[in-house]
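Here is a short report for a reader who is new to this structure. Start with the sequence and the model, then read on.

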Amino acid sequence: MMISRQLVLTYLYLLIYVCLSSGVILFNKWVLSPKYFKFPFPITLTMIHMAFSGVVTFFLVRVFKVVAPVKMTFQIYATCVIPISAFFASSLWFGNTAYLYISVAFIQMLKALMPVATFIMAVLCGTDKLRWDLFLNMVLVSVGVVVSSYGEIHFNIIGTLYQVTGIFAEALRLVLTQVLLQKKGLTLNPITSLYYIAPCSFIFLFVPWFLLEKPEMDVSQIQFNYWIFFFNAVAAFALNISIFLVIGRTGAVTIRVAGVLKDWILIALSTIIFPESIITSLNIIGYAVALSGVVMYNYLKMKDVRANQLPADNAPDRATKDKKISNIYKPDNFMDSNDEITVGSLASEGAGVDEEAPLIPSSRLSYVTRTQTGSFNSR
């Protein structure tokens with residue numbers, strides 16, 4: 001009976017994640033679209049998300065102490081958090097701006113380029129090596145995206161450039177996160193990530209907002225519906241919490257599969273909710289080709305991760321065996337209350353990044369590194 005309850009709860013978390021992830025994207029599109037809510041100010045919307053997330057995580061970390069803050073020095077904040085926040089803010093800015101020009105379906109198809117962008121940045125920064133098997137998968141993904149773009153009826157070069165620029169900004173953020181944060185031994189779950197980075201991202205977004213959007217907002221005299229933006233920010237924050245819960249209960253592979261399913265559902269829903277979005281056969285064929293490359297790429301990366309973890313895992317087993325001490329087996333997706341979730345690594349490079357999920361390297365992580373500690377409870 002306990003197993004069935006656990007399974008039901010796990011599938012419930014997955015369902016909540018898929019609904020929230022799809023819902024936030026459609027919600028953002030509806031808010032920003034000039035045809036619907038008519039609020040064409042993506043920087044403002046992103047700043048609202050950052051402000052809300054910063055305030056809520058402050059209460060969760062400092063007041064209610066749901067999670068413990070990491071040991072953050074001024075040097076780490078200045079050399080790590082600030083540059084990561086800058087690229088994170090840029091990725092959100094460009095990604096949300098793309099909603100003004102291209103459809104949700106086409107944006108999801110372009111997001112298949114995420115592993116390509118991250119692989120390029122990782123090779124350039126020296127955190128990954130150029131391998132022919134990975135390179136061929138990147139070519140396959142790129143060809144699929146090109147075919148999908150060719151089949152796009154309402155192709156817009158400006159919107160496409162905004163989305164691709166946001167993808168590369170996010171890819172660089174992932175590389176910086178691995179290089180700057182993880183090598184310093186910092187582990188940030190979604191709540192502590194938002195706690196440290198959201199306020200800094202808000203400050204970075206203030207300058208382009210003041211120069212680009214504030215003058216237009218003064219002239220247009222828009223009607224600011226506080227409830228709409230409140231629920232939009234709540235949904236975006238709840239999405240981060242749902243990812244946190246799903247990863248903790250199932251592991252990253254499961255949320256990855258759920259993310260792929262979510263993409264197809266989102267593409268179908270967007271054509272119903274926004275009738276101007278038209279999907280052609282070339283769109284579907286191109287996206288399927290790109291997705292096959294992404295799946296193969298993720299498989300190769302997961303294989304590398306397991307190969308790298310194997311020696312470390314076998315050493316304690318051999319020592320235990322020699323001492324004739326029996327161990328209790330734990331499934332791979334089992335997590336103790338003392339397990340830390342290390343997010344933000346290049347492990348997530350194979351997944352498409354959703355700008356509706358701030359500070360999660362992506363809504364579908366390739367893997368999650370777990371380290372046993374007794375000092376920090378991630379629950």
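Predicted model: local features only at pLDDT ≥ 70, side-chain atom pairs only at ≥ 80, totals over all residues.

## Helix H5

H5 has several buried residues, among them Met114, Pro115, Val116 and Ala117. Thr118, Phe119, Met121 and Ala122 are buried as well. Gly126 follows H5. The phi of Gly126 is positive, near 80 degrees.

## Helix H8

Helix H8 covers residues 190-220, which is 31 residues. A straight helix would reach 45 Å at 1.5 Å a residue. The end C-alpha atoms of H8 are only 36 Å apart. H8 also bends, by about 55 degrees, at Trp209.

Look next at the start of H8. There, a side-chain oxygen of Asn189 comes to within 2.9 Å of the backbone nitrogen of Ile191.

## A nonpolar surface patch

Which residues make the nonpolar surface patch of about 560 Å²? They are Val55, Phe58, Phe59, Val63, Phe64 and Val66.

Phe64 sits in the loop between helix H2 (42-63) and helix H3 (74-97). Is Phe64 buried or exposed? Phe64 is exposed, because its relative accessible area is 60% and the cut-off for exposed is over 50%.

## The whole chain

The protein chain holds 11 helices and two strands. Along the sequence, the pattern reads α-α-α-α-α-α-α-α-α-α-α-β-β. The chain has 379 residues, and buried residues make up 51% of them.

Note on methods:
Residues numbered from 1 in each chain as written. Heavy atoms only, no water. Patch = residues over 30% accessible without salt bridge, like charges linked within 9 Å, V, L, I, M, F, W, Y side chains within 5 Å. Areas by Shrake-Rupley, 256 points an atom, 1.4 Å probe, with all protein chains shown as cover. Salt bridge = Lys/Arg side-chain N within 4 Å of Asp/Glu carboxyl O. Helix = DSSP H or I, 4+ residues; strand = E, 2+ residues; numbered from the N terminus. Buried < 20%, exposed > 50% of the residue type's maximum accessible area, 1.4 Å probe, protein only. Expected span 1.5 Å × (residues − 1). Bend = angle between axes of the 7 residues up to and from the residue. Polar contact = N/O pair within 3.5 Å; in protein donor to acceptor, adjacent residues only side chain to side chain.
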